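Please look through the sequence and the model below before reading the report. Take the time to turn the model around and follow the chain.

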Amino acid sequence: MGKIKLVSSDLNGTLVHQHTMSDMIRLYIGESQFQKATEVFQRQTSGQATMEEAFEIAGPLTKGLTLRQAIEYTQQHMRYVIGFNKFVDFIYGQEIPFVINSTGYSVTIYAIKEQIKRGRIHGQIGNILHFGLDGDKSQILREDELELKVREFINDSEAKKKTVYDRVSAIGEITLGIKDESAKAVLINKYTKMYFPQVTQDQIAHVGDTMGDSKGILDIAKQGGIGIAFNYNNTLKNYLMAEMIKEQIQGQIYFIDPKDDKSDLKRVVEVLK
């Protein structure tokens, strides 16, 4: 196992407390839609439903969410886990690329990137919630257009007054960048080869909290890196403990803080040093 030179992390439950996809439905769409989303996402995070099954149900439930609401959610409602700033500042200070590797939506991660100090997040791997002008499927924003709109809203006080942020809304369709639990390790390896070919597989760490990160944590550790179960639920812990008995693990798996509002990312920093 080499010194860690790239960190990959889940978002929901790992960097922020909320399950952002269902929480936006709760706040902006409706209680009944929220209950449906919560039920299927709970099955997914406990390993009882696939990611494709979860988002097939959750995607249409987001229809009508405006771009303004999606951005303001990250500013007004999202709660970062304790130690978040220390965590990203440490990684940045060590010149370690940081990638958010999450089933969360790209619009959420664009907003986070703009709100923390520039350069702290190198990039993202995740799912795309599609937005269209007036919710029109024939007028879907490209991802570069969406990211630009997010950047302008956060950094330009005049831009956020524009009515386009109320007219652009989710069409209820999602493109899955992460289709199953094994995809996170595969995709972060591809990302590393593309942007940081000098970084070897045993120099990667992945952090996650539920079964959606089970294979990401396990497979990164199997290839010699570090897998970190942080703010973890019991289902993830039991799965990893069983796999550690069966599998040949070249790297290491750490369990840091069972799920709790007091979980602290500064304890993850200690593992990365």
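## Basis of the report

This is a predicted model, in which local features need pLDDT of at least 70 and side-chain atom pairs count only at pLDDT 80 or more, while totals for chains, interfaces and linings use all residues. Residues are numbered from 1 along each chain as its sequence is written, and side-chain values use heavy atoms, with hydrogens and water left out.

## The sheet

Seven strands form an open sheet with mixed pairing, in the order S4-S3-S2-S1-S5-S6-S7. Strands (E, at least two residues) and helices (H or I, at least four) are DSSP runs numbered from the N terminus, and two strands pair if DSSP finds at least two bridges between them. Strand S4 (168-175) and strand S7 (252-258) stand at the edges with a single partner strand each, so one side of each has no neighbour in the sheet.

Strands of a sheet pair through backbone hydrogen bonds, either parallel or antiparallel. Strand S5 (residues 204-208) and strand S6 (residues 226-232) run parallel and are joined by four bridges, and Gly 208 has Ala 229 in S6 as its bridge partner.

## Aromatic rings

Across the whole structure, a search finds seven aromatic pairs; rings of Phe, Tyr and Trp (its six-membered ring) pair if their centres lie within 6.5 Å, and planes under 30 degrees apart count as stacked, over 60 as edge-to-face and the rest as tilted. Tyr 80 and Phe 84 are stacked, because their ring centres are 4.3 Å apart and their planes stand at 25°. Tyr 80 is partly exposed at 28% relative accessible area, whereas Phe 84 is buried at 3% (buried means under 20%, exposed over 50%, partly exposed in between, with a 1.4 Å probe and protein chains only).

Phe 87 and Phe 98 form an edge-to-face pair, with 5.6 Å from centre to centre and 90° between the planes. Phe 87 lies in helix H5 (residues 84-93) and Phe 98 in strand S2 (residues 98-105), so this pair ties together parts that are 11 residues apart in sequence. Phe 87 is buried, with a relative accessible area of 0%, and Phe 98 is buried as well, with 1%. Elsewhere, ring pairs link Phe 41, Phe 55 and Tyr 105 into a cluster.

## Enclosed space

On a 1 Å grid over the protein atoms alone, a cavity is a set of points where a 1.4 Å probe fits but cannot get out, and lining residues have an atom within 4 Å of a point. The largest cavity is lined by residues including Met 21, Thr 62, Tyr 105 and Leu 129, and helix H1 (residues 20-28) gives the largest share of this lining, three residues.

Technical notes:
1 Å grid on protein atoms, 1.4 Å probe; cavity = no way out; pocket = protein on both sides within 12 Å on 5 of 7 lines; lining within 4 Å.
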